[in-house]
Amino acid sequence: MNDNRYDVIIIGSGLGGLACGVTLSKEGYNVCVLEKNALPGGCFQSFKRYGRVLDTGIHYIGSMDEGEIMRQYFTYFGIMDKLKMRRMDEVAFDVICYQDKFYPFAMGHERFAETLTREFPKEKEALKRYVGLLDSVGRSISVEQLRKGKLSSGNMDNFYISAWEQIREITSDTTLQQVLSGSVLLYGGDQSVSTFYHHAIITNSYLQGAWRFVDGSMQVVDAMVNVIRQNGGTVLTGAEVSKLCLSGNEIQAVEINRAERLESRYVISSLHPFNTLNLVEKSPLIRKAALSRLEHLPNSYGLFSVYLLQKRGTTPYSNRNFFLLGDQNAWYNTGHKEDTRINTCMVSMQPSSVLEQYTDVICLLSPMYLSEVQAWENTTVGQRGSDYEQFKLDKAQQLIAFAERYCPGISLNTEKIVTTTPLSYRDYTGTPEGSAYGIMKNYNNPLTTLIPTRTRIPNLFLTGQSLNVHGALGVTLTSMLTCTELVGSEYLARKIGEA
């Protein structure tokens with residue numbers, strides 16, 4: 001076989017691209033995964049600074065208890081036994097801090113409702129109904145569904161329901177409304193458009209088993225790359241796709257680095273859909289109107305990350321996350337991008353296998369639009385100048401001061417501070433505007449923001465977080481939907497369910 005000829009070329013090595021690579025290589029396809037950066041992984045990538053391992057975008061993961069859906073996918077991929085993980089505190093894996101009071105999120109539907117009922121005794125029935133709705137959405141993508149030959153049983157109605165309005169309909173208690181909205185940062189929640197499906201699928205996922213990666217999320221990437229290579233596949237880094245070359249109505253070859261051409265029967269792209277179609281040579285199949293529509297679909301906000309590197313052996317490890325809400329609304333003020341004040345923050349500690357009772361890294365995450373760093377949008381990594389570094393330092397101090405209001409002494413043992421902005425996301429993960437979650441889903445008209453896996457080019461398919469559902473679970477589900485275009489839906493679902 002020609003070394004430059006493959007069955008399937010996959011563009012992008014984030015979780016979506018790697019999941020497609022693992023799945024199709026297991027099914028006998030000769031796959032090649034292309035990554036423009038020096039390291040694969042996308043948001044699952046870890047990087048080192050001052051001897052510490054820092055996670056890019058995955059700080060914990062849900063549905064990882066025995067018998068739950070994400071664990072089942074990892075088992076099917078053949079990586080579950082390769083991962084070092086720690087189950088988070090089941091009585092409070094997340095803590096919502098609202099109006100100077102702390103509200104615990106417990107694992108398990110009943111325990112979650114019971115725990116919050118202690119804080120809101122009059123809302124017992126409302127909380128029962130809330131977890132019932134979460135459970136219903138979660139069951140639509142369960143292992144049970146896989147064993148029936150379905151990746152999902154649907155539940156599309158929830159795409160047409162506002163997350164915020166559903167929460168308000170469940171409870172009239174204004175404080176509980178905010179508490180139940182407290183972790184919307186996990187899917188880039190927008191009060192005016194976010195769907196209840198996204199809120200439910202992601203919230204439910206963590207109730208079904210919240211776990212952290214010990215020593216970084218990069219281990220997932222390494223394990224998946226190894227599986228692809230063991231199955232005879234290829235993963236190329238430093239391979240930026242510069243063109244998708246047509247022959248008739250199909251992609252014949254993928255040009256990388258404006259030089260080498262790789263031929264393939266099929267192409268799967270995990271890039272933003274607009275970026276993908278923009279790479280295709282001019283064709284009547286790619287309409288300007290369709291491109292323009294994709295280009296102008298709103299993307300979720302990005303994230304400003306501050307990593308507080310701790311003096312070793314000084315800061316006790318906390319096995320829970322804290323979501324700090326600054327004012328009367330848990331939802332980020334997406335309607336006013338010009339308001340750049342810190343208003344919400346997620347605090348997460350990274351576990352280490354070296355000193356298990358201590359943490360080396362505390363991560364603070366807060367929403368940020370690219371517009372806040374627009375002055376440097378035409379610069380590249382490491383070449384943004386001293387004014388950019390000063391901006392990041394000033395912003396970091398604001399975020400630390402905000403966190404200190406709720407977690408006093410959080411920066412006490414800090415040795416070094418590392419920061420990243422949406423520009424980092426844009427350059428390392430290829431997301432337009434440095435968006436953390438890709439195209440926003442809008443309950444007002446979900447069909448305009450849910451992107452199909454098929455394109456008008458018969459052998460070009462899409463995957464990734466911009467298509468259907470955000471987050472690790474959503475990207476995994478979407479990648480399996482993409483793979484069914486080649487191997488069949490019922491067959492693949494049953495194979496995963498029986499892994």
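Predicted model: local features only at pLDDT ≥ 70, side-chain atom pairs only at ≥ 80, totals over all residues.
Numbering runs from 1 along each chain as its sequence is written, and side-chain values use heavy atoms, with hydrogens and water left out.

Okay, the pocket. On a 1 Å grid over the protein atoms alone, a pocket is an open set of points with protein on both sides within 12 Å along at least five of seven lines, a cavity is a set where a 1.4 Å probe fits but cannot get out, and lining residues have an atom within 4 Å of a point. Points are joined across faces, edges and corners, and volume is the space filled by probe spheres set on them.

The second largest pocket holds about 630 Å³. It has 27 lining residues, and Arg49, Val381, Thr420, Ser424 and Tyr428 are the closest to its centre. By class, the lining has 11 nonpolar, 11 polar and 5 charged residues (Ala, Val, Leu, Ile, Met, Phe, Trp, Tyr, Cys and Pro count as nonpolar, Asp, Glu, Lys and Arg as charged, the others, Gly among them, as polar). Where does this second largest pocket lie? Between domain 1 (3-81 + 213-295 + 443-496) and domain 3 (300-435), because both give residues to its lining; those bounds come from an automatic or database domain assignment.

Now the cavities. Strand 15 (residues 344-351) gives the largest share, 3 residues. (Helices, H or I of at least four residues, and strands, E of at least two, are DSSP runs numbered from the N terminus.) Domain 2 (106-207) and domain 3 both contribute to the lining, so the largest cavity lies between them.

Last, helix 1. With axes fitted to C-alpha atoms over the stretch in contact, and angles running from 0 to 180 degrees between N-to-C directions, helix 1 (residues 15-26) packs on helix 14 (residues 471-487) at about 40°, axes 9 Å apart. Against helix 9 (residues 218-230), helix 1 packs at about 30°, with the axes 9 Å apart.
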